[in-house]
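I opened this notebook page to record what I looked up in the structure. The entries follow the order of my reading.

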Amino acid sequence: MLTFQELAAVTNGKVLQFVQPLPLNHLLTDSRKLSQPSGTVFFAISGKYNDGHKYLAALYKQGVRQFIIESEQTKTGQNYSTLFPEANLLVVENSLKALQQLAAWHRSQFNITVIGITGSNGKTIVKEWLAQLLSPDELVVKSPRSYNSQLGVPLSVWQLNSNHTLGIFEAGISLPGEMEKLQPIIQPTIGIFTNIGSAHDEGFTSRQQKVQEKLKLFTNVDVLIYCPDHELLHHEVQAQSIKSFTWSRHHEADVKINAATTAGHKTIVVYTYRNEKQRLAIPFTDEASIENALHCLAMLLYRQVPVAEIQDRLDRLHPVAMRLEMKEAINGCYLIDDTYNNDLAGLAIALDLLANQPQRGKRTIILSDLLESGLSEEELYSQVATFIKAHQVDKVIGIGPTISKHQAKFDASVAFYHSTPDFLAQFNPDDFRNELILVKGARVFEFERIVHAFQQKVHGTVLEVNLDALVHNLNYYRSKLAPDSKLMVMVKAFAYGSGSFEVANLLQFHRVDYLAVAYADEGVMLRENGITLPVMVMNPSPDSFAKLRQHNLEPEIYSLGLLEQYLKDLPEDTSRHRIHLKLDTGMHRLGFTPEDFEMLFPLLQQYPQVQVVSTFTHLAGADEALHNDFSQMQISNFRSMAAEVEARLGYKVIKHVLNSAGIVRFPEHQLDMVRLGIGLYGVEATGSEQQALKPVSILKTTVSQVKSITKGETVGYSRKGIADSDKTIATIAIGYADGYDRRFSNGAGQVIINGKRCPIIGNVCMDMCMVDVTGLHVKAGDEAIVFGPKLTLTEMATRIGTIPYELLTNVSSRVKRIFFSE
Ligand SMILES: *Cc1c(COP(=O)(O)O)cnc(C)c1O
């Protein structure tokens with residue numbers, strides 16, 4: 001194992017302080033993910049949105065004693081060696097680079113075959129499939145999930161140990177210069193270039209440049225596997241004379257694809273390899289999966305897996321769940337459904353997620369036997385038990401013969417079962433209440449049956465909320481903020497329909513400064529679910545003030561009448577009471593006007609225990625350029641009114657005016673804080689920067705029935721849907737009671753089924769509606785997208801003359817929310 005001095009040499013760093021030799025096992029870059037302080041070395045990375053050096057003190061307090069830092073002193077000039085007298089400190093020029101150098105050094109200690117994968121799409125699936133397909137012959141180590149970034153790659157490669165015989169790592173880049181840094185870390189001996197598409201085009205001057213940059217991963221490979229039907233890629237590989245092994249439908253290739261035809265749920269591929277024709281059934285029918293499978297086929301052939309055995313292995317291939325989902329379940333429980341696969345790295349990621357949800361009752365894990373890890377059983381389950389312990393899990397349910405054998409290692413409350421059917425036979429829903437349950441099983445254990453047993457709503461309509469997209473949007477707006485501007489995020493109306501607790505929790509995790517809700521009950525709900533951020537309540541009713549105080553929620557006060565009621569029953573104690581003053585500068589909804597000031601301040605002066613934390617106003621037309629002059633007038637009136645507020649109070653308060661549209665349009669008026677709303681949820685209200693945001697919500701339902709009708713027949717209530725020709729009609733399980741607006745009736749609305757747009761026919765009913773699927777191959781059970789990335793909220797809102805806000809917040813509470821990250 002590397003010593004601290006050797007680490008300094010590998011990273012060209014300077015040992016600022018060395019106290020004692022310590023094991024160097026865990027590389028930590030996100031302070032929130034600390035699990036085992038002893039043996040952890042923390043890399044303080046200064047990134048675009050955050051600076052790891054801010055968390056050194058907290059980590060030191062938690063017992064971390066090895067730090068990689070970028071300067072000897074804090075920004076305020078204190079010496080790190082004085083602050084952390086017991087820690088080993090290494091100063092490097094750039095902590096991320098040091099992490100990469102360490103990983104590259106680690107990689108160079110192993111002389112094994114390593115497959116490096118890049119390309120625009122399919123990297124993760126090809127990686128996961130290859131791991132499945134090659135595991136009969138090899139002990140495989142691979143990137144967890146989609147760990148393919150400048151940070152993810154070093155962490156992936158760090159897992160390599162001396163038992164592994166094959167590494168499979170993916171690399172993704174978004175800018176020139178990045179792949180050069182990843183190549184020495186992965187040092188692939190075999191390459192796969194999956195394909196080239198539009199992803200990250202914006203970072204490169206041309207597609208060709210993007211291909212050239214990506215190819216830098218393969219500067220030292222023995223062979224590159226790719227499909228020359230991607231002409232641009234083919235051209236570059238040839239120009240650079242990279243040794244290759246190819247499959248193709250259209251070009252000369254090592255593996256020539258003669259035909260690929262769909263048969264039921266399979267695709268039959270006929271190919272020629274070494275002058276012999278072969279047939280292969282791939283257990284998928286969509287284009288992307290076929291391409292991914294053919295890359296795998298090429299790899300198996302290249303690795304000389306006997307042709308006769310390839311079919312056998314492919315038959316056992318299963319789709320890869322690309323995401324971790326959090327679902328509502330019985331008795332107030334939530335499930336984190338991770339049926340991805342069960343290895344040690346995946347377990348660590350899922351446990352992090354579990355631990356980062358605020359405590360709301362117990363934390364439980366249902367865990368199957370783990371897949372091969374390159375460790376002995378003894379070591380493996382000791383590590384699993386240590387991980388679980390470090391993540392404060394209350395209850396462990398182990399399923400499988402191997403994990404059961406090692407049950408003595410777990411010291412939480414435990415139960416073990418030999419198999420999934422054993423567990424289900426004894427399953428009693430009453431044993432689970434208000435728990436957050438991580439369900440993590442290797443594929444063969446069929447844990448989807450357990451997930452099913454826990455789920456409550458069977459209604460087929462779901463609103464999927466992409467938590468990664470939320471974070472992306474949050475960071476986008478953050479990137480626009482001056483360093484000392486605070487960020488308040490609006491989570492009113494169930495976080496714009498997206499699920500208040502879950503969204504608030506994510507925002508708390510990502511350290512926003514403030515949350516705001518409309519009503520007291522919304523705030524109470526947040527507190528009951530462990531949200532500790534300051535929360536402003538915008539529309540407090542007078543009878544809710546006691547409740548607000550009890551839950552440490554801060555009311556917005558917008559009129560003298562409301563203030564009097566608030567002051568009337570302030571308790572006679574010494575506590576501070578925080579309020580926010582809303583000023584009306586032209587919206588004419590709520591707020592004080594200058595005329596109120598004569599009464600307002602003398603009244604406040606009588607109550608020194610009341611502290612005005614902030615004062616703000618709301619723009620009436622920030623989304624439209626047409627109202628720019630009006631907005632400017634509101635802002636300038638606010639500035640002078642707010643100055644008077646501060647002068648009369650005699651102390652500083654937080655001043656804020658901008659909503660999402662305002663942040664984009666008036667960046668120079670951020671003042672002390674901004675209030676982000678709809679932008680977080682993926683809609684850029686001015687329209688000019690929509691490209692920069694990611695869509696967050698996907699509303700989906702399913703087809704209940706498909707039927708044929710003949711010309712002249714009618715569909716639905718009031719016989720409004722008239723068939724002007726013979727038609728095929730699909731009934732889908734969403735209606736106005738789910739929030740699907742009745743104005744979508746009769747062709748105004750569309751849904752996407754199997755990638756095709758289908759218009760609504762007839763009137764939208766309460767729980768259902770009908771769509772025209774004539775000429776499309778639609779069957780009962782197919783998925784229908786009501787809105788999502790390809791059918792945007794903005795488009796759907798425009799179709800019926802409303803705004804995205806209304807569509808989002810209308811999705812009714814009976815629609816199950818599913819939260820996922822990729
Ligand atoms: C809802 C709301 C916001 C956020 O508005 P968006 O247009 O969604 O960004 C900001 N301020 C106040 C007072 C609000 O009520």
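The entries below go from the domains to a sheet and then to a pair of helices.

**Entry 1, domains.** I note at the outset that this is a predicted model. I looked up the division of the chain and found domain 1 (4-95), domain 2 (110-315), domain 3 (325-457), domain 4 (464-691) and domain 5 (697-821). I then took the C-alpha centres of domain 2 and domain 4, which lie 50 Å apart.

**Entry 2, sheet.** I traced an open sheet of 5 strands in the order β1-β5-β4-β3-β2, and its pairing is mixed. β1 (14-17) and β2 (26-28) are the edge strands; each has a single partner strand, so one side of each lacks a neighbour in the sheet. On average, I find neighbouring strands turned by 25° against each other, direction ignored. I next checked β3 (residues 40-43) and β4 (residues 66-69), which pair in the parallel sense over 2 bridges. Phe42 has Phe67 of β4 as its bridge partner. Helix α4 (residues 95-108) lies across β2, β3 and β4, and I record its direction as about 135° to β3.

I turned to α5 (residues 123-134) and α10 (residues 287-302), whose axes come within 10 Å and cross at roughly 45°. The two helices are therefore oblique to each other. I note the crossing of α5 past α10 as right-handed. On the α5 side I listed Ile125, Val126, Trp129, Leu130, Leu133 and Leu134, which meet Ser289, Asn292, Ala293, His295, Cys296, Met299 and Leu300 in α10. I sorted the residues of this contact into 10 nonpolar, 3 polar and no charged.

How values were computed: Residues are numbered from 1 along each chain as its sequence is written. This is a predicted model: local features need pLDDT of at least 70, side-chain atom pairs count only at pLDDT 80 or more; totals for chains, interfaces and linings use all residues. Side-chain values use heavy atoms; hydrogens and water are left out. Domain bounds come from an automatic or database domain assignment. Axes are lines fitted to C-alpha atoms, for helices over the stretch in contact, and angles run from 0 to 180 degrees between N-to-C directions. Helices (H or I, at least four residues) and strands (E, at least two) are DSSP runs, numbered from the N terminus. Angles under 35 degrees count as roughly parallel, over 145 as roughly antiparallel, 65 to 115 as roughly perpendicular and the rest as oblique. A crossing is left-handed if the near helix is turned anticlockwise from the far one by less than a right angle, and right-handed if clockwise. Contact means heavy atoms within 4.5 Å. Ala, Val, Leu, Ile, Met, Phe, Trp, Tyr, Cys and Pro count as nonpolar, Asp, Glu, Lys and Arg as charged, and the others, Gly among them, as polar. Two strands pair if DSSP finds at least two bridges between them.
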